[in-house]
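Hi,

Here is the structure I promised to send over. Have a look at it first, and then read on for what turned up.

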Amino acid sequence: MHSEDVASQSTHSRTGTGSSPTIDAVSLAIIEQLQEDGRRPYAAIGKAVGLSEAAVRQRVQKLLDQGVMQIVAVTDPLTVGFRRQAMVGINVEGDLDPVADALTAMAECEYVVMTAGSFDLMVEIVCEDDDHLLDVINKRIRTLPGVRSTESFVYLKLKKQTYMWGTR
């Protein structure tokens, strides 16, 4: 998890909605190559998976266009000034969508997930410090119409974060 690392990850396949694009073994191999190094040249990927550079470029663009993956720089929040992370469980009265949409619009909310179980929504929040986290939870999340309760799980130490689940 360094600023120079680049990860490719599926975004839409986790939603469980809509039709999923068909991903063949060659596309999975391309994704795996990009997960190892998101800056790997298409020619090197082509050599590894048995395609031309142009064919790899086409496939990568199709995977991006279909929302199967993203290629992004992954940073360590601590090294770029975000010293407090937390997972927040939220219970909502009524429709979840307006609350989830409002959370999605907040820059501090990195992940917003509708869940079954003790919470209706789980939100990962990345903040500068404890005061920032308190402000986000107390003044912005708890005041959203429909939010009944929140429970915060403050991160003390991140032991593992990986983006390799897309091809295993």
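One thing to keep in mind: this is a predicted model.

Let's start with helix 4, which covers residues 96-104 and lies across strand 3, strand 4, strand 5 (121-127) and strand 6. Helix 4 runs at about 165 degrees to strand 4.

Those strands belong to an open sheet of 4 strands, in the order 4-5-3-6, and the pairing is antiparallel. At the edges you'll find strand 4 (109-114) and strand 6 (147-154), each of which pairs on one side only. From one strand to the next, the twist averages 20 degrees. In case pairing is new to you: strands of a sheet pair through backbone hydrogen bonds, either parallel or antiparallel. Ile90, for example, has Thr150 in strand 6 as its bridge partner.

Now for helix 5 (residues 130-141), which lies across strand 3, strand 5 and strand 6 and runs at about 140 degrees to strand 5. At its start, a side-chain oxygen of Asp129 comes to within 3.2 Å of the backbone nitrogen of Asp131.

Which residues of helix 5 are buried? They are His132, Leu133, Val136, Ile137 and Ile141. Look down the axis of helix 5 and these buried residues fall within an arc of 125 degrees, so they line one face of the helix. They pack against strand 3, helix 4, strand 5 and strand 6. On the face turned away from that buried side, helix 5 carries the exposed residues Asp131, Leu134 and Lys139.

Cheers

Definitions and conventions: Residues numbered from 1 in each chain as written. Predicted model: local features only at pLDDT ≥ 70, side-chain atom pairs only at ≥ 80, totals over all residues. Heavy atoms only, no water. Pairing = 2+ DSSP bridges. Helix = DSSP H or I, 4+ residues; strand = E, 2+ residues; numbered from the N terminus. Axes fitted to C-alpha atoms, helices over the stretch in contact; angles between N-to-C directions. Contact = heavy atoms within 4.5 Å. Buried < 20%, exposed > 50% of the residue type's maximum accessible area, 1.4 Å probe, protein only. Arc of directions from axis to C-beta. Polar contact = N/O pair within 3.5 Å; in protein donor to acceptor, adjacent residues only side chain to side chain.
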